[in-house]
Amino acid sequence: MQRFLSRPFFLLIFFTLVVGVCSSAFASNTLISVSGVKGLPNWNAYVHLPSDYSQHPDVYYPTILFFPGTGEVGTDPSKAIRFGPNAYIADGWNGEVTVDGQTTKFIVISLQPPSAFYGNMSDVKSRIADLVNKYRIDPNRVHFTGLSNGGWMSNMFATYKPSATDYSFIDFPASVVNIAGIVPADVFGATPPYPQRFTAYAQHGGKELGFEQTQDFRDIQTIIRTMNAAVQGSASYFSSTFDGGGHTAWWRFYGGKNYPLASSYQPETFFIDGIQQTIYQWMAQQTRGAAPSINIPPIANAGQDIVINLPISSAILLSGQKSIDTDGTIARYAWAQVSGPNTANIISPSAVSTEITGLAQAGTYVFALTVSDEGGAAGTDVVTVTVQALTPSNIPTPFDSGPDNEVVAVLPEVPRESSVTLSMTSEGKLEEDLSTLTIPPGGAVCIRAGDYYRGITLSGIHGTAEKPITIINCEGVVKASALFVTNSNNFVISGSGGSDQYGFILYGGTAIDSGIEIADTTTDYTIERVDIAHAKSGIALIPRISQNPTENYPLRTITNVTIKNVRISDVANGILIGATDRPSYAPYPARMNNVKIFSNFITRAQSTGISLSYARDGAEVYNNVVITAGTGIILGENTNGNVYNNIIDTAKQGVIIRGYGVLNVTGNTFKNISGNSVTAVLATVSPEILPTLQARVFDNTFQKVGSPAVNTQNTILASTVTTNLFCNVPHLNDSLIIVSQSSSIADNQFDTDGCARIVPTPENLPFTDRAIVAVPLLNLRAAASTTAAVIAKLPQETIVIVNAQQNSEWAAVSADGKNGYVNMAYLRKIGTTTDQTLSFDVVGKHFSVTVDNLNVRSTPSLDGRIVASVSRGEIVEIYAHSPVSEWLQIRTTQGVVGYVSQQYLSETQ
């Protein structure tokens, strides 16, 4: 607003302003952690609350949100208050200003992202939503400000339109104070290009102050002219020469200490709207100038109806996790009972999810969930819990093996009283020290189904070698960003607690280091039936090398690690196990014995599919499928074992062995390998072992691979390369093989017409073909008949070795260490793409959205959480394939990665 004042009145106002600014009553900053999009790291933030905040629980306060420059981002929280309004508070400001005799008290928050790239605007919005949920922020008086990179961030947010009708970003800040920020980058979606994007911000009531030092050259005048052309008086420009006019002097604008000299400053005043005032006093007078957009009520989702039987021995979990607010955030949850045969007990009525107890009588219970957004709009949904009395019709029958493709639950055979049930907290996570619970050896820990988007952390799991403790999913699939286990031994993580082939789904995120991380003191465990995607490593066990000798070998050894029937996709490393370095103070890193990695399916691993190091005795890597990887399998330093019956398709390198002693590479299939299929390299080994390595490469099949296919010239002991089959390779002769001196090459076949298998000799591992189980669970029987006893149940995508075809229906196979018979109708040959409808060459290509508004989801399902939306004509990149054929994983132009149905995409030309 423009003001013209007489000189005497102006001097009176000026005196009032200065007195208000110089108040030195001590005020403090509180360091907090701010969460955002699931799977991404939290941000640091310093928060100052008004002096009377706790005395007025119904008052909502004007708020200043400060974004730092590139020199203040990161994880060192002290940098977050080096400059800006919270730095001024640390120097004594109480967060209050006085204008025209009226005192304004601010909530003041300085955010600190981990890097200068703040992520997409939806992520930033989610951080702000977390703050809105924590504090009583007046939605009409939120002021953005920032220096340099922070000024850019403020304008990026204030002018962003994700779609043609979405003004939720533009309508949020009442004002922006931009201190020498560069101009916003042009983005896709419905955001107009620079500088037109500022037109909508001005038209929707936004105000801007643009400050530019004379040597900054930030083009801020263009921003101000564009806004004033749209709405006269909506923006003001200021040029300054503080400290020479360079890209510095932030304390002159915000107040506080001059960081290089530690001198204290009061904020400068500027002639704004006809009066001399500080940026804080100007912000105190701003509110949303135009009517805000219509507040769309949130959509409540109380979850699916539940049917249970009496007697009920544990609490029932109700979850509002899938409730959404399309134009803002959900601020409050409220659960209430609507009806029922008796009054139940709602444990956490104001939480996202709550347990229900006291369902004592048979009948129908109805519970209502009401969700409210920050603007007060509300939505309600109901969920029905039907409690049945036990009758002959619903009493569970004894276990029946059923038909050979029957989907059955494989639960641990443990007494009911030895089981413990764990549930997600209202914050979307689970952190449990199981040593504080009574779980006898052989007991089970049931993790209730849900989306644990802030991860699962377990510790203190202590079974015995004979009776390990089983960690299992129950009541459906457990989804989580990641799973972390520490200080535990003798346990099994099994996603077999239901009909789904993978009871645990770990969906990771761009900042997730590992889908499953096992801390280095943990030993004797098995991981099975888990689906992992989008992490730096799918499964990681990296023993920490300590300067304390007692924490290294020989005083500490990790033993008996098994990883089987796990699916991993879209990672840097699939399975990463073992020490990766050896500092001088620890010549003998923690050692691992008896590691078994088998029957896993790994696809799209940028670096390595499977890497195993410092596994001294009994290491076995077999029956795995690795498709599209940098390197398929690595047996690293100080490792001895065997690599057999694996399939590696489409990779730069097939198998690299760097261990010691005799290492067997046998029965593997290598296809589409651009470099060496098998490489044996003598590693720089620890002093504890002799520098010896002998590679035995036999009975492998090489198809469409580079030359040389086998390279063992860097070994010490004489190696052997025998009875392998080479077909469809550039040079069908012995030049495909390079060996060390005294090594032998014999009886290899070079087939130009096809790739028929070699008939195995008795002393070699028996195999004729490999296949993948194509149904959720497949019975492995003692004989070729449906009446034969069931030896085991093989999960979907288990790799089986077909030893012989019994007849037109049955085959004799080996799987999971057992031999038996399966119906061949439920197998598919390796290399078929029944689970994918597009070839790999679409990854990295760009497609156009063909519908007006397409939801991007966290998982390839309509039940997946909505992480973003894209509009008709928007261009997205195909990031990866999906385990579900009709879905693709995309990356939006804002950097959001998620899943969409491929029927709504069209390839660009």
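Two strands count as paired here if DSSP finds at least two bridges between them, and strands themselves are DSSP runs of E, at least two residues long, numbered from the N terminus. With that in place, L65 stands opposite I109 in strand β6.

Some housekeeping. This is a predicted model, where local features need pLDDT of at least 70 and side-chain atom pairs count only at pLDDT 80 or more, while totals for chains, interfaces and linings use all residues. Residues are numbered from 1 along each chain as its sequence is written, and side-chain values use heavy atoms, with hydrogens and water left out.

Back to β6, residues 107-112. Strand β3, residues 61-67, runs parallel to β6 and is joined to it by 4 bridges. Strand β2, residues 43-48, pairs with β6 in the antiparallel sense, over 5 bridges. There, V47 has I109 as its bridge partner.

Now burial, meaning under 20% relative accessible area with a 1.4 Å probe, protein chains only. In β6, 6 of the 6 residues are buried, so the strand is largely enclosed by the rest of the structure. In a regular strand, side chains alternate between the two faces of the sheet. Here I107, I109 and L111 point one way, and V108, S110 and Q112 point the other way.

Next, another sheet. This one is open, has 3 strands in the order β16-β19-β18, and pairs antiparallel. At the edges are β16 (316-319) and β18 (345-346), each with a single partner strand, so one side of each has no neighbour in the sheet. Strand β19, residues 353-357, is joined to β18 by 2 bridges. I356 in β19 is the bridge partner of I346.

Methods: Buried means under 20% relative accessible area, exposed over 50%, partly exposed in between (1.4 Å probe, protein chains only).
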